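Hello,

Here is the structure I promised to pass on. Please have a look at it first, then read my notes below.

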Amino acid sequence: MATKPTAPVLPPAPALVKGQLWKFDTRCIQIGHVGKHLVEHRGVSLERPQQRAPKRMIAITELQKFLAANDAMLVGN
C-alpha cells in the first residue's frame, strides 16, 4: 500500500494584533484593524517617525509572508 506524501510542517505564523509594530531594515509596519481575511497596516520610517505612509489593506497570509521574507521582528504590542 502506498503512503500519501504529507506537506512539511511549518511553525505557526505569529498572530497579527491591532497596534503591533514590526521592524525590518530602517522601516516598520504598524498593524491597524485585523479582520477575518484582511489586515490594515501603515508603513512607518524609523528615520522620520512623523512621516507615515497611507493606510493599506492586504490579505493576512500575504502580510505574514512579507514579514517572514524580510526577517521582521515584533517590536511592540
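**What I found**

Of the protein's 77 residues, 21% count as buried. Please keep in mind that this is a predicted model. The mean pLDDT is 84, and 87% of the residues reach 70 or more. Among the elements, strand β4 (residues 56–59) has the highest mean pLDDT, at 93. Strand β5 (residues 73–76) has the lowest, at 84.

**Overall layout**

There are one helix and five strands. Along the sequence they follow the pattern β-β-β-β-α-β. The accessible surface comes to about 6,100 Å². Carbon and sulfur atoms account for 59% of that surface. Now take the contacts between residues at least 6 apart in sequence: 32% of them join residues at least 24 apart.

**The strands**

Start with strand β1 (residues 21–24) and strand β2 (residues 27–34). They pair in the antiparallel sense, over four bridges. F24 has R27 of β2 as its bridge partner. The hairpin of β1 and β2 has two residues between the strands. In that hairpin, D25 takes a positive phi near 50°.

Next comes strand β3 (residues 38–45). β2 pairs with β3 in the antiparallel sense too, over six bridges. These two strands also form a hairpin, with three residues between them. R27 turns up again here: it stands opposite S45 in β3.

**The aromatic pair**

How many aromatic pairs does a search of the whole structure find? It finds one. The pair is F24 and F66, with ring centres 5.4 Å apart. Their planes are at 85°, and over 60 counts as edge-to-face, so that is what this pair is.

The pair links distant parts of the chain. F24 is in strand β1, while F66 is in helix α1 (residues 60–69). The two residues are 42 apart.

F66 has 34% relative accessibility, which lies between 20% and 50%, so F66 counts as partly exposed.

Best wishes

Conventions
Residues are numbered from 1 along each chain as its sequence is written. This is a predicted model: local features need pLDDT of at least 70, side-chain atom pairs count only at pLDDT 80 or more; totals for chains, interfaces and linings use all residues. Side-chain values use heavy atoms; hydrogens and water are left out. pLDDT is the predictor's confidence in each residue, from 0 to 100. Two strands pair if DSSP finds at least two bridges between them. Rings of Phe, Tyr and Trp (its six-membered ring) pair if their centres lie within 6.5 Å; planes under 30 degrees apart count as stacked, over 60 as edge-to-face and the rest as tilted. Buried means under 20% relative accessible area, exposed over 50%, partly exposed in between (1.4 Å probe, protein chains only). Contact means heavy atoms within 4.5 Å. Accessible areas come from the Shrake-Rupley method with a 1.4 Å probe; for residues, only the protein chains shown count as cover.
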